[in-house]
Amino acid sequence: MAKSLVDSTIKIPTKIRDIEELRNALKEDISFTIFKNTNKRILQSLKYIPERKGGNTSKFISNFRKLCYNSEINDVEEQKKYLYNSLPIGHLYYISNIFYKKMKNVNSNNELIKKFEDIIVDEANLITNESVVALKHVATGKYLSSIKNLRYETGNNLIFVGSSDPVPNSLWKVKFDNEFATYTNSSIKLQHINSWQFLGINNGYKSPSNNHTEVSCKYSPNDIYWSENWKFNHSKLANHQGYLKSNDIINLSIENRYYNNKVEFLRSHDIQFTIENNTYQEVVCHNERLGGNDEWCIELIKQA
């Protein structure tokens, strides 16, 4: 019965006694070599696409394992190379730093797939260029917010910490030069979703209730005293390296052009001020010693 299912173009010996002999005979035919090499070429061209870009990790892994099987690639080290080469170029900046470290002691296909899934889960938490984020003030649990056309007396759009939930007024699009932001050499811009203006400081203006620097939202690319490029560092780990991830606790700093590029840090505290009969919790920039009021948790709302 098994022999009858074989394509008539494939010639097999007449004295086949069992399934094992039939399998070996079929593998000696040139059609099997072509089949195996075809699967290997498909495996070489296979590319992983994350879900945020329309991919499906489950289908990718199923296809990868099937292609390895059909190509008779059983060596785990060789499978690692094909899996690594399937990653898109943009991911290599992140993945290459951790892929072989995580895969170093992997010696089975199941373990290989499990480690790959761990890497993909971590990647899903990375802050990518133009992701939508919210910044929670750790000390108070309230989110950095702005309201379109609500202004300080200086005329700049108001910044405050308000809701305990990430509402529309507390959503920001984060922008930087590469796909991922690194702790060592990246600066970011924060664009308010509702007003499309950028978070920054301007012209030596002072906050409403004290002598600290006013933090505002503005679109002013040609103002020589306007600054909107923020540096970030991990608040708990000195000299932290790696990539900015969701739920990292960070300090945000900026250079004040009005005062010879003096570095100042983003802070909120329990001081309130009133505009249009409403009270708001103040956000400022300062150059004092860092403390708990300077910690912000960056939360990923949606990857770009």
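Select K189 and F198 to begin: the charged end of K189 sits over the ring of F198, 6.0 Å from its centre. A charge counts as over a ring if NZ of Lys or CZ of Arg is within 6 Å of the ring centre and within 35 degrees of the ring normal. The model is predicted, so local features need pLDDT of at least 70 and side-chain atom pairs count only at pLDDT 80 or more, while totals for chains, interfaces and linings use all residues. Residues are numbered from 1 along each chain as its sequence is written, and side-chain values use heavy atoms, with hydrogens and water left out.

Next, select K262 and Y259. K262 lies over the face of Y259, at 4.7 Å from the ring centre.

Proceed to the aromatic pairs, of which the whole structure holds 14. Rings of Phe, Tyr and Trp (its six-membered ring) pair if their centres lie within 6.5 Å; planes under 30 degrees apart count as stacked, over 60 as edge-to-face and the rest as tilted.

Select Y183 and F232. Their pair is edge-to-face, at 5.0 Å centre to centre with 70 degrees between the planes. Both Y183 and F232 are buried (buried means under 20% relative accessible area, exposed over 50%, partly exposed in between, with a 1.4 Å probe and protein chains only).

Now select Y225 and Y258. The ring centres of Y225 and Y258 are 5.3 Å apart and the planes stand at 75 degrees, so this pair is edge-to-face. Y225 is partly exposed at 34% relative accessibility, and Y258 is partly exposed at 39%.

Finally, select Y48, F60, F64 and F116, which form one aromatic cluster.
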